[in-house]
Amino acid sequence: MVNERGLHTAIILSLALCFGFMTVKNKKILFEYPDYWPVPQYDFSKLTMTQEEFNLGRVLFYDPILSKDNSISCASCHTQATGFTHIDHDLSHGIKGRIGKRNALSLVNMAWNTSFMWDGGVNHIELQALAPITDANEMDETLANVVEKLKSSENYNSLFSKVHSDGEITGQRTLLALTQFVVMFNSYNSKYDKYIRKELENTFTSQEKNGLQIFRQHCATCHTEPLFTNNQFENNGLKVDTTLNDYGRYFITNNPKDSLKFKVPSLRNIQFTKPYMHDGRYESLQEVINHYTSEVQPSQTLSKKLEKRIVLTHEEKIDLLVFLRTLSDEEFLFDKRFSFPFQ
Ligand code: HEC
Ligand code: HEC
């Protein structure tokens, strides 16, 4: 472990020397991102950023103790190798096989999010974990009960004492530790990133270059580089699923102008995060691209950006698809810091 971590730091440091990486200063563990990225939304001054707290968050994230019947962990629905999402199901599955109403979101570059969930119903990452813990279709537990369970575990007593000198286990500290872990999920080493940074041996093929151009022309106003989201809510013209009747952002604001608007999701690691859209209706990126070229539904709230039909030839669609695959970041998907904590 120590060696791996040392090696990782060495790689990051050498990258930092060559290309300029930002770190959040005066903190004990490094939160790094490329210096040409925007400043994170998350206010790090309140996070302690110690290795011990990160470790506690990591153990909690992988522990089914957070669910009522101790069967489901955060990682059950957010699996690292698939960009911290769940690929087996279109709608998420919680305890006792209960089916939720939406597809799990991929967890990536969370420190830049201005809101959370497909409808932006949660506005702060520190409160975010409360939603799945208490949702009847997900973990169906109460925070008070989680705290009781953690208190009766020797391992958690020891882990919490390493973070807090009084060793007290509280709900707020539990949520903060989960935040500390999840907020570190930064992905910036895809082929696309290396191409942008002009790192040697990572030039784009002519197909990838063409795909990037098509992407910038038709997709980037919403899926804006470098995070591949503009953090806005948009209606991208999906046909309403009349079983789910999910009107997205409207449920939060009650404003008819928000009807059918959903958060623009990041497209990082999109090759691995299927199925796609808030209800997981598309199994492949080909289907997604066909949606944008031929299936966009007109409606009162359809984004102006999609009112004019996008026309792409068969070759252009393939180039776009090939470009989307350059957003895969294997270093992130297999980063040992984020994997199951063997003890
Ligand atoms: C049963 C499956 C399930 C479990 C368990 C689960 N999640 Fe989620 N998660 C989801 C779904 C589905 C969404 C999207 C929900 C929505 O938009 O309504 C989501 C969304 C999120 C988001 C918002 C991401 C964004 O970009 O807006 C975060 C953060 C998150 N989950 C973290 C966690 C943490 C931490 C845990 C453990 C405490 C957890 N999840 C447990 C299914 C799950
Ligand atoms: C008007 C803004 C807008 C434009 C333009 C746009 N998208 Fe999207 N995209 C969205 C929104 C909003 C969603 C989520 C919709 C939902 O699930 O209801 C989305 C979802 C996606 C998803 C699924 C992501 C996931 O995690 O499930 C992919 C892939 C995608 N878009 C690719 C593209 C491509 C490729 C283009 C260009 C051809 C494009 N988008 C243009 C707004 C946009």
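**Around the iron of ligand 2**

Colleague: Happy to look at this predicted model with you. What makes His-223 count as buried?

Modeller: His-223 has a relative accessibility of 9%, and buried means under 20%, so the residue counts as buried.

Colleague: Which residues coordinate the iron atom of ligand 2, and how do you know that they are donors?

Modeller: They are His-223, through NE2, and Tyr-292, through OH, at 2.0 to 2.1 Å. Donors are N, O and S atoms within 2.8 Å of the metal, so both atoms qualify.

Colleague: Why is the site of that iron atom called octahedral?

Modeller: The iron atom of ligand 2 has six donor atoms, with angles of 84 to 179° among them. Six donors count as octahedral if opposite ones are over 155 degrees apart and all others between 65 and 115, and this site is octahedral. For comparison, ideal angles for six octahedral donors are 90 or 180 degrees.

Colleague: What does the pair His-223 and Tyr-292 tie together?

Modeller: His-223 lies in the loop between helix H10 and strand E3, whereas Tyr-292 is in helix H12, so the pair links parts 69 residues apart in sequence.

Colleague: How do you know that Asn-236 makes a polar contact with ligand 2?

Modeller: An N or O atom in the Asn-236 side chain is 3.5 Å from a nitrogen atom of ligand 2, and the cut-off is within 3.5 Å. A polar backbone atom of His-278 lies 2.6 Å from an oxygen atom of the ligand.

Colleague: And what is the make-up of the shell around ligand 2?

Modeller: It divides into 15 nonpolar, five polar and two charged residues. Its largest share, three residues, comes from H12.

Methods
Residues are numbered from 1 along each chain as its sequence is written. Chains are lettered from A and ligands numbered from 1 in the order in which they are written. This is a predicted model: local features need pLDDT of at least 70, side-chain atom pairs count only at pLDDT 80 or more; totals for chains, interfaces and linings use all residues. Side-chain values use heavy atoms; hydrogens and water are left out. Donors are N, O and S atoms within 2.8 Å of the metal (3.2 Å for Na, K and Ca); water is not among the atoms, so sites may look incomplete. Four donors count as tetrahedral if all angles lie between 85 and 135 degrees; four count as square planar and six as octahedral if opposite donors are over 155 degrees apart and all others between 65 and 115; anything else is irregular. Helices (H or I, at least four residues) and strands (E, at least two) are DSSP runs, numbered from the N terminus. Buried means under 20% relative accessible area, exposed over 50%, partly exposed in between (1.4 Å probe, protein chains only). A polar contact is a pair of N or O atoms within 3.5 Å; within protein, one must be able to donate a hydrogen and the other to accept it, and residues adjacent in sequence count only if both atoms are side-chain atoms. Ala, Val, Leu, Ile, Met, Phe, Trp, Tyr, Cys and Pro count as nonpolar, Asp, Glu, Lys and Arg as charged, and the others, Gly among them, as polar.
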